[in-house]
Amino acid sequence: MDDMKGAMREGSGAGPRSVVDQVAAHVLNMILANELKPGQPVAIQELSAILDVSNVPVREALRRLEGRGLVQFRRGRRPQIAPINVDDFDDVYRLRALLEGQIAERSAELMTPDRLALLEETLDELERLITRGNAFDVYSVHSRFHLLMLPSATEWDRRLLDQLWVASERYIQLYVGARPDEEVADKIVAAHRLLVDAARGGDASTVRDAVVDHVVYSHKMIAPLVQAASGRAQPTRGATTEPID
């Protein structure tokens, strides 16, 4: 199980994790890194051999990922990695804008100096990882950054956000790249820096608008690539060099 350790960092301060937790995290990393591609059938026995575990935790891990919209089970056939679906992509970003905007507005007054300092540290960590970290690590830090922007999020908010963030991260990693070049990385960091600046201002409507604009613009930049992958359109020139969420 040593080969799974790089994918075991989801959530800081977590205690020992079950075999199913570890397998689910490892498979998630493979999906985000495009090692398991959209629409690809998954041979449970082969995956079990690769991870050196029995079929049972692999099947249960895939069922968990099915609940997150990343895997599909089909009667009488192998499960498969969920294919690209433009409507699902649009829904993910529509719901993100709606939910994150509302939470951001009520979170503005909770942006203490300590939280702002932590937000800065997390952005620095994201900047370090974005060109040389693995996809799972980038996702973990990226989602942590966005959660720090939303301190008023309730337990149910967090559950929904987790679903939406892992779904959107999949599109980002697949179509922008787990290791973008320096120019792209700089633009990604700059896009997130705008959120920190808005949070520092402390105005509720400004924070809300910054968060919504961030999600909407991210959707706009990624959409041509998702449409091309689904066969609906061709990607626009230079689309991958814009800041993304």
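**Entry 1: H2 and H3**

I started with helix H2 (residues 44-51) and helix H3, whose axes come within 9 Å and cross at roughly 110°. An angle from 65 to 115 degrees counts as roughly perpendicular, so H2 is roughly perpendicular to H3. I noted the crossing of H2 and H3 as right-handed.

Next I listed who makes the contact. H2 supplies Ile44, Gln45, Leu47 and Ser48. From H3 come Asn55, Val58, Arg59 and Leu62. I sorted the residues of the H2 and H3 contact by class and got four nonpolar, three polar and one charged.

The model is a predicted one, so I kept confidence for an entry of its own.

**Entry 2: H1 and H3**

I then turned to helix H1 (residues 19-32) against helix H3 (residues 55-67). Their axes come within 8 Å, and the crossing angle is roughly 60°. H1 and H3 are therefore oblique to each other. Their crossing is right-handed.

Which residues of H1 and H3 make the contact? On H1 I found Val19, Val20, Asp21, Val23, Ala24, Val27, Leu28 and Ile31. On H3 I found Pro57, Val58, Glu60, Ala61, Leu62, Arg64 and Leu65. By class, the contact of H1 with H3 holds twelve nonpolar residues, three charged and no polar.

I cross-checked H3 between the two entries. Val58 and Leu62 are in the contact with H2, and Val58 and Leu62 are also among the H3 residues that touch H1.

**Entry 3: H8 and H9**

I moved on to helix H8 (residues 182-201) and helix H9 (residues 204-230). They pack at an angle of about 170°, and their axes are 8 Å apart. Angles over 145 degrees count as roughly antiparallel. H8 and H9 are therefore roughly antiparallel to each other. I recorded their crossing as left-handed.

The H8 side of the contact is Ala191, His192, Leu195, Ala198 and Ala199. The H9 side is Thr206, Val207, Ala210, Val211 and His214. The classes here are seven nonpolar, three polar and no charged.

**Entry 4: the hairpin**

I looked up the strands next. How many bridges join E1 to E2? Three bridges link strand E1 (residues 71-74) to strand E2 (residues 77-81), and the two strands run antiparallel. Arg74 has Arg77 of E2 as its bridge partner. Two residues lie between the strands of this hairpin. I checked Gly76 there and found a positive phi near 75°.

**Entry 5: confidence**

The protein chain has a mean of 84, and 84% of its residues reach 70 or more. Confidence is highest in helix H4 (residues 86-107), at a mean of 96, and lowest in helix H7 (residues 155-175), at 86.

Conventions:
Residues numbered from 1 in each chain as written. Predicted model: local features only at pLDDT ≥ 70, side-chain atom pairs only at ≥ 80, totals over all residues. Heavy atoms only, no water. pLDDT = per-residue confidence, 0-100. Helix = DSSP H or I, 4+ residues; strand = E, 2+ residues; numbered from the N terminus. Pairing = 2+ DSSP bridges. Axes fitted to C-alpha atoms, helices over the stretch in contact; angles between N-to-C directions. Parallel < 35°, antiparallel > 145°, perpendicular 65-115°, else oblique. Left-handed = near helix turned anticlockwise from the far one by under 90°. Contact = heavy atoms within 4.5 Å. Nonpolar A, V, L, I, M, F, W, Y, C, P; charged D, E, K, R; others polar.
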